[in-house]
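Dear colleague,

Please find below the structure for your review. A summary of the findings follows it.

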Amino acid sequence: MMVVPLIPIEENNGFGAQWLRPLLEANYFIPCRDHGEEMSKSESKYFCLDCMGKSICSYCLIHHREHRIVQIRRSNYHNVIRVNEVQKHVDISGVQHYVINNAEIVFLNERPQLRHGKRVTNTCEICGRTLLGSFRFCSLSCKAKKMMHVVEKAMESVEKLSKAMM
Ligand SMILES: [Zn+2]
Ligand SMILES: [Zn+2]
Ligand SMILES: [Zn+2]
């Protein structure tokens, strides 16, 4: 008997990308484990989508020459990634873009917001953060969570269906 996955987890399949969770959960801007002594350029601010391990530093890049690398940047202590770098690899539609230092970026993770502005018309579907324009999510992480909910719901209904058929 062949068991086929219900939701194919393939690359370029939107948020089914396997490296997404490791990318969002990795620690950045810490000294590299392998190159910590060289200090100056050993901040871990890159992530290899092929190895999906820890964040890596500029000295590590030589070992990932043929791999897909993205660079994480910082804005007010939050991790961000450039839109033109990340959208080659994953569908980020619906995620709020911001312009920082003349570059369009998206935030990796949600940021706590203390209070809403007075006339809030549009908020993140997951964390409720105020959004501009017609975006649906404040960050990659919130979009990923939404996709997970959708997948879980689909799994549940398949489970119910298969129970009903037994
Ligand atoms: Zn390194
Ligand atoms: Zn690699
Ligand atoms: Zn959010």
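**Strand pairing and overall architecture**

In this predicted model, strand 2 (residues 69–75) pairs with strand 3 (residues 78–82) in the antiparallel sense, over four bridges. Pairing here requires that DSSP finds at least two bridges between two strands. Helices (H or I, at least four residues) and strands (E, at least two) are DSSP runs, numbered from the N terminus. Within this pair, Arg73 stands opposite Val80 of strand 3. The two strands form a hairpin with two residues between them, and Asn76 in the turn has a positive phi of about 50 degrees.

Strand 3 also pairs with strand 5 (residues 103–107), again in the antiparallel sense, over three bridges; there, Ile81 stands opposite Val106.

The chain holds three helices and five strands, in the order α-β-β-β-α-β-β-α from the N terminus.

As to confidence, the mean pLDDT (the predictor's confidence in each residue, from 0 to 100) of the chain is 85, and 86% of its residues reach 70 or more.

Residues are numbered from 1 along each chain as its sequence is written, while chains are lettered from A and ligands numbered from 1 in the order in which they are written. In this predicted model, local features need pLDDT of at least 70 and side-chain atom pairs count only at pLDDT 80 or more, whereas totals for chains, interfaces and linings use all residues.

Yours sincerely
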